[in-house]
Amino acid sequence: MKLKEKLITSFFELENEGMLDLDSNIHKIRSKAFADFENKGFPTKNDENWKYTSLKSILNNDYTVFPNNETVLELKDVKKYFIHEIDSYKLVFIDGVYSSFLSDTTHERMDICLMSSALKNTKYKIIIDHYFNTIANRSGSITSLNTAFSRQGAYIHIPKNTIVPKPIQIIHFSTKNEKELLLQPRNLIIVDENSHVQIIERHQSLSDAIVLTNSVTEIFANKRAIVDYYKIQNDTENASLIDQTFIQQKKHSNVSVNTFSFGGKLTRNHLEFHQEGERIDSNLNGITIIGNKQLVDNHTAVFHKYPNCESHELYKGIYADASTGVFNGKVIVRKEAQKTNAFQQNNTILIGKKATINAKPQLEIFADDVKCSHGCTIGQLDEAALFYMQQRGIPKKEAQGLLLYAFSNAVVEKIKIPELKSRITKLIAMKLDVNYCL
Amino acid sequence: MLKITNLHAQIENTKILKGVNLEIKAGEVHAIMGPNGSGKSTLSAVIAGNEIYEVKQGEILFENKDISELAPEERAHKGIFMSFQYPVEIPGVSTINFIKTAINERRKANGLESLSAKDMLKRIKEKSELLAMDRKFLSRSLNQGFSGGEKKRNEIFQMAMLEPKLSILDETDSGLDIDALKIVANGVNKLKNKNNAILVITHYQRLLDYIVPDFVHVLKDGKIIKTGGKELALELEAKGYDWLQ
């Protein structure tokens, strides 16, 4: 059975088995999203936004849509996937099912809990109705697919004037060896006035099985809120991820999303910032280091709608072997958005003879008093720098690794959690085969 | 220590070195002077092993072994150092970590243990004082945002740290003001001993007031056309190169 048909059947199963409250607002949203997916199907390369990334190779699998039997993981076996050196809140899912054993949630002064309970519990109804699917609803059919099946994920609500004392880690493990698995986590994060939160998100397959994760996250940063979001993508080469993150910012807020893509078979990061107020700062940073036949596609968009706002975007990519990169950076400056400062930088090094990058900066500026810049470079390693290092006695292979490490360093410097910074540094050093003392 | 015989080298299809002969013994200081485009920098790059140049003929012996097939790092491990005319900037790698890596790679290649942290610190302290370097520089990214003079001083600092047998100073004086020049030259002189050798490549006689050569060679159109003592440098300064044929 083709995946689309299977999903259609599964959706009706979901409705018929009484697993959903069919009269709720949420179900109306789900049904509408489902109709959208049913109508449009999966995107193809004819779709402008998917021109360079074909989903064909990952859609022809017989995915299990509702994994049911619970797997138990021992902390000691999965500890290394956490930033375990620091105390943190944790939301852990195993094959899409919440693991209370590995998690550390809270309802004290703030809600760091499960999407499933937030969707069911009437206590959250006002907030859910106000926020859920209000910024993800304008996107493509694959976002609709997630909305239709959205049941589980992270629900985070930080009330005003709260500095969350420790980072929140959201980790999705997949473990099923025998089955191909489709996971569709859905996260909702609301950070109210003057509040500050740091979030680390990771998807990790623990088996060799084929996994496809179609994840959607909505983040609302209200007045003067600060949100630092980190995505660690270092999955097995049988795991694919389609990640869609939508951010709405109110005035004076500051949101950073940092994406570290080191693994997976196919990774698509769709990242969308909507500025809804003045003096907003939006930061988009990314490092991609891949090889073999891996593909990472970073599609970003920043919508500047109000005056005096900023956006800073820095993406670095290192592509070895026959890997493929896509960078599409859209920046829209509406005519009301005077005095906008928008900077975009995308630097790529191709070290594989068969590696490719499709890079497309896309600036649409309708205001006349703005500072907008973009720089896009694609190159090989600097031969002069290599010779310099070799002359000092550093072997060529080490020198190459060091130069690549140095190349990605500007993004690493943006990480505000020291333990995470050191972890990412180690991951990069490992990827590039350099000695970590640097 | 170094013996170059009938060396011919080219880049792509342009012949640059057309039969260079040069012998440098331990304890000696040699200077190579010559007009622009005569092949001075090519000669130093070829000795250091830059692969963009192709050696067509001749041999380069270092301590009686042919090194012309060796990679740049292998030559460095044998004790050849070249101070670059244009040192590269490497953001994200601090000078201190860079030089530590360089020292330990060389030790590893020579079958030695890594230098202990204590000995490393001691050496850093000693050598940075020798060059009157502010140690804050050492934790900054290698050469990034350094002035021309700071970069050159950093080159000589690395030379001091690595303790090479043969040091090639390629236009080390360019970009230095007179005070920095004195510090750098003073550093080089203090590092000189009877077991090592220095090859200075320069346009101007000025540097040779401070680093006094035993021999001065004139390189013109890819060949050494005249060799003399330190007084030859003064003569060249006064008369230029055109009188030599």
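**Figure 1. Helices α3(B) and α5(B) meet in chain B.** From α3(B), the residues B:Thr95, B:Ile99, B:Ala102, B:Ile103 and B:Arg106 meet B:Asn154, B:Gln158, B:Met161 and B:Leu162 of α5(B). Two residues are in contact if their C-beta atoms, placed from the backbone, lie within 7 Å. By class, this contact divides into five nonpolar, three polar and one charged residues. Ala, Val, Leu, Ile, Met, Phe, Trp, Tyr, Cys and Pro count as nonpolar; Asp, Glu, Lys and Arg count as charged; the others, Gly among them, count as polar. Helix α3 covers residues 95-109 of chain B and helix α5 covers residues 148-162. Their axes come within 10 Å and cross at roughly 35 degrees. Axes are lines fitted to C-alpha atoms, for helices over the stretch in contact, and angles run from 0 to 180 degrees between N-to-C directions. The crossing is right-handed. A crossing is right-handed if the near helix is turned clockwise from the far one by less than a right angle, and left-handed if anticlockwise.

This is a predicted model: local features need pLDDT of at least 70, side-chain atom pairs count only at pLDDT 80 or more, and totals for chains, interfaces and linings use all residues. Residues are numbered from 1 along each chain as its sequence is written, while chains are lettered from A and ligands numbered from 1 in the order in which they are written.

**Figure 2. Helix α5(B) packs against α6(B).** Helix α6 spans residues 178-191 of chain B. The two axes are 10 Å apart, at an angle of about 10 degrees. The angle makes α5(B) roughly parallel to α6(B). Angles under 35 degrees count as roughly parallel, over 145 as roughly antiparallel, 65 to 115 as roughly perpendicular and the rest as oblique. On the α5(B) side, the contact includes B:Gly149, B:Ile156 and B:Ala160. On the α6(B) side, it includes B:Ile183, B:Gly187 and B:Leu191. Eight nonpolar, two polar and two charged residues make up this contact.

**Figure 3. Helices α8(A) and α9(A) cross in chain A.** Helix α8 runs over residues 383-391 and helix α9 over residues 396-412. Their axes come within 9 Å and cross at roughly 125 degrees. That makes α8(A) oblique to α9(A). The crossing is right-handed. In α8(A), A:Ala385, A:Leu386, A:Met389 and A:Gln390 take part. Their partners in α9(A) include A:Lys396, A:Ala399 and A:Leu403. The contact has six nonpolar, two polar and one charged residues.

**Figure 4. Chain A touches chain B.** Here 18 residues of chain A are in contact with 21 residues of chain B. On the chain A side, α8 and α9 are the elements that give two or more residues. Helix α8(A) gives the most, with six residues. This side of chain A has eleven nonpolar, five polar and two charged residues.

**Figure 5. B:Asn64 and B:Ala132 have positive phi values.** B:Asn64 sits in the loop between β4 (54-62) and β5 (65-66) of chain B. Its phi is near 70 degrees. B:Asn64 counts as exposed because it has 7 C-beta neighbours inside 10 Å. B:Ala132 lies in the loop between α4 (117-130) and β8 (141-142) of chain B. Phi of B:Ala132 is near 50 degrees. With 14 C-beta neighbours inside 10 Å, B:Ala132 counts as partly exposed. A residue is buried if 20 or more other C-beta atoms lie within 10 Å of its own, exposed if 12 or fewer, and partly exposed in between. Helices (H or I, at least four residues) and strands (E, at least two) are DSSP runs, numbered from the N terminus.
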